[in-house]
Amino acid sequence: MRRPKTKKFKIQNRLSEVKEIELLESWIASAKPDSGSNPLSLTPPKKSPIGILPDGSYSPYSGAEKFSQLPLSKKTKDGLAGASYSKMTDIQRASLPHSLCGRDILGAAKTGSGKTMAFVIPVLEKLYRARWGPEDGVGCIIMSPTRELAGQLFEVLKSAGKYHGFSAGLLIGGRKDVDTEKERVNELNILVCTPGRLLQHMDETPNFECSQLQVLVLDEADRILDVGFKKELNAIISQLPKHRQTLLFSATQTKSVQDLARLSLKDPEYISVHEESETATPSRLQQTAMVIPLDQKLDMLWSFLKAHLNSRVLVFLSSCKQVKFVYEAFKKLRPGIPLKCLHGRMKQDRRMGIYAQFCEKRSVLFSTDVASRGLDFNKAVDWVVQVDCPEDVASYIHRVGRTARYLSGGRSILFLTPSETKMLDKLQEKKIPIRYIKANTKRLQPVSGLLAALLVKYPNLQQLAQRAFITYLRSIHKQRDKEVFEVTKLPIDEFSASLGLPMTPKVRFLKQKVKGKKMSEELTLVPDSTVDENPSELLQGSLGTGRPMDEELQLEEGFLLEKDIQHVGEESTINIGDALPATRVLKKKKLKINVHRPVGTRVVFDDEGNTLPPLAKLADPKMKANSVMLDKDKVNQRYAELREEMKVVDKVDKALDHQRRKEKRIKQKMKLKRGRDEEDGERMSEDDISETDMEVTTGRIGKKAKVYFDSDSDGDERRKDEDSIGMGSRDVTLAEQEELALKLLSSMHS
Ligand SMILES: Nc1ncnc2c1ncn2[C@@H]1O[C@H](COP(=O)(O)OP(=O)(O)OP(=O)(O)O)[C@@H](O)[C@H]1O
């Protein structure tokens, strides 16, 4: 049985803490390392590891390698030892001397290099030395762009701060216990949060204030500072005291002085430990890229997964809709490995559950960029597969950074459509050693046929496919980098068919884009011929021909390799790269009716029961004979009349279509309104939730955390998916066309 701590013990403990704090203060005061003369010039500072000199004095330049050599409190040291941290990583060694002295930091280091501990330690130490207690309120805010990352940071804080007595709370969107949070948030010392939820408390929680804030941390700072969070961040900053320490960390750090000015940094230290490094990504990461037509991406993904049933694979797609569709469809096809999906539209509890499961079990996780930053996944991701091209180089770096963490290795593969190969140049410019490999179809297992069958069987899946199709095109359309992303260069019909869709859905924005131009010109598929014909020309330097790849990769990834193609030598083996001619012009596209297969087409039979092609009746010899008898003038006159009639029919069609859309809009509005009403109802009923249902942090870190919601994170996804549009108005079917034509012909005849 644990004996209760006596008053004497508590006093002794307190006294030894006070002594320790005084000692730490004096160490740090006497050992402030030089700061750069002009920190905003953004040049890296001198290397300045700190440590204790043999005479017991403390020096910033004595080359400390271990946490134990730093002027840290015993509680922090015990926490670090408990989590098995002893040696510092580069970014920790370089930044801690400055951050422990209270300086503002702009920290940049490769993914998986230990940036989290580089800001958690100074937070704990600062509050400890300030003797922060429950009555002091919020002393530190750690902000993250996503909920999952906030959850992970909270875990790291709990392990390092296990022996401290601070209270901490995880404030993220997605749960509905805001009211309970509001009651307790003022008691918390450290907030780990997403911007939206924090702002919600600032706006709604009575007496919530951060006027005593000591440290503000932005993890993934460049993401939080970008436009997606601009409004929230500005509103938050305006409510924080100017006198504070600010720590910004990211693998792709912002260097925008404007951004930094928004945060009122004071002489920040720019610490970029890997700036001189040959590569911008971890050296243990093997990166590959392949060019593959859009309509073969799913075949390639399916084949890849079937060939890696014993790996943990993280697959990135561009939008929630894409993730949902690929996940649902592949799940039904049972690849032989557990599948999971993660996106911003999922309920928060499920999101957290999936994240935890993926950390534990070998499986495939289909995800949007919600999983692209910061997440550690137990250092156990074997492969990162980027099915859809990342929007920029920073995004690429963060995605591939989910593997090869800390000291472990990892592999990644990037699928690029022929029109996206410019991305390879951009990656190369930013020191990313990516190898170009050619795909072959020797082991490619086409999946489009299976998808088409699934879509017939499951109408819901068909809707998902349509949405996935449209959101993908829209996301490409909205990308800022037009050198890489050009929607008009995509083979949209083939892409639609590859998802198993019987018809190409109408894409209004695309139609507008090509208005006034011939569709055949606009929809020209122009794969970068330099890549297909001569990849090495484009991929010089570190990309180079990129071959031969190391043995291990060759053995396991046979189907991805050009080598395989060469020694196969069978006629039936098609090289995906070669399958595309240098410049392929698609035949004229009609957006209205693009039938890939005759699903839902009315079959017409002749007198003997043989099937006839659509409009075959028009070829009836009797009708032909009659029509030939009409003289030329009559025919012309009749044509003019027909044109008029068609115009009328067209007008009616348009009016109907207009009406249908109007009704749809009204329906959507009503649905939204109903949703809002229900939400209001739910909010009211939340008051009745008992406290035992809540997870609330009070007291020491390590106890359960209060969990908040925000609706802010994953802004990108929302932007992408919000814009999705459904199928356009109903197209005229072949049967209807046929009927119309017959009607007109018979009236002509009469
Ligand atoms: N000093 C250390 N000793 C041992 N392991 C460490 C140390 N510091 C960090 N790690 C481990 O390294 C891994 C990556 O750390 P962390 O998540 O902080 O990386 P990061 O630089 O923030 O990555 P990202 O840029 O992706 O956010 C974690 O699993 C962490 O436990």
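Which residues of α14 are buried? In this predicted model, the buried residues of this helix are Ala-394, Tyr-396, Ile-397, His-398, Arg-399 and Val-400. Helix α14 spans residues 393-400 and is mostly covered, with 6 of its 8 residues buried. The cover over these buried residues includes two helices, α8 (221-225) and α15 (422-429). Strands also take part in covering the buried residues of α14, among them β10 (285-291), β11 (313-316), β14 (383-386) and β15 (410-416).

The crossing of α7 past α9 is left-handed. On the α7 side, the contact is made by Pro-195, Gly-196, Leu-198, Leu-199 and Met-202. On the α9 side, Glu-232, Leu-233, Ala-235 and Ile-236 make the contact. By residue type, the contact of α7 with α9 comprises 7 nonpolar residues, 1 polar and 1 charged.

The ligand is surrounded by 20 residues, of which the closest are Thr-111, Gly-114, Lys-115, Thr-116 and Tyr-406. Helix α4 (residues 115-129) contributes the largest share of this shell, 3 residues. The shell around the ligand divides into 9 polar, 6 nonpolar and 5 charged residues.

Technical notes. Residues are numbered from 1 along each chain as its sequence is written. This is a predicted model: local features need pLDDT of at least 70, side-chain atom pairs count only at pLDDT 80 or more; totals for chains, interfaces and linings use all residues. A crossing is left-handed if the near helix is turned anticlockwise from the far one by less than a right angle, and right-handed if clockwise. Helices (H or I, at least four residues) and strands (E, at least two) are DSSP runs, numbered from the N terminus. Two residues are in contact if their C-beta atoms, placed from the backbone, lie within 7 Å. Ala, Val, Leu, Ile, Met, Phe, Trp, Tyr, Cys and Pro count as nonpolar, Asp, Glu, Lys and Arg as charged, and the others, Gly among them, as polar. A residue is near a molecule or strand if its C-beta atom, placed from the backbone, lies within 6 Å of it. A residue is buried if 20 or more other C-beta atoms lie within 10 Å of its own, exposed if 12 or fewer, and partly exposed in between; C-beta atoms are placed from the backbone.
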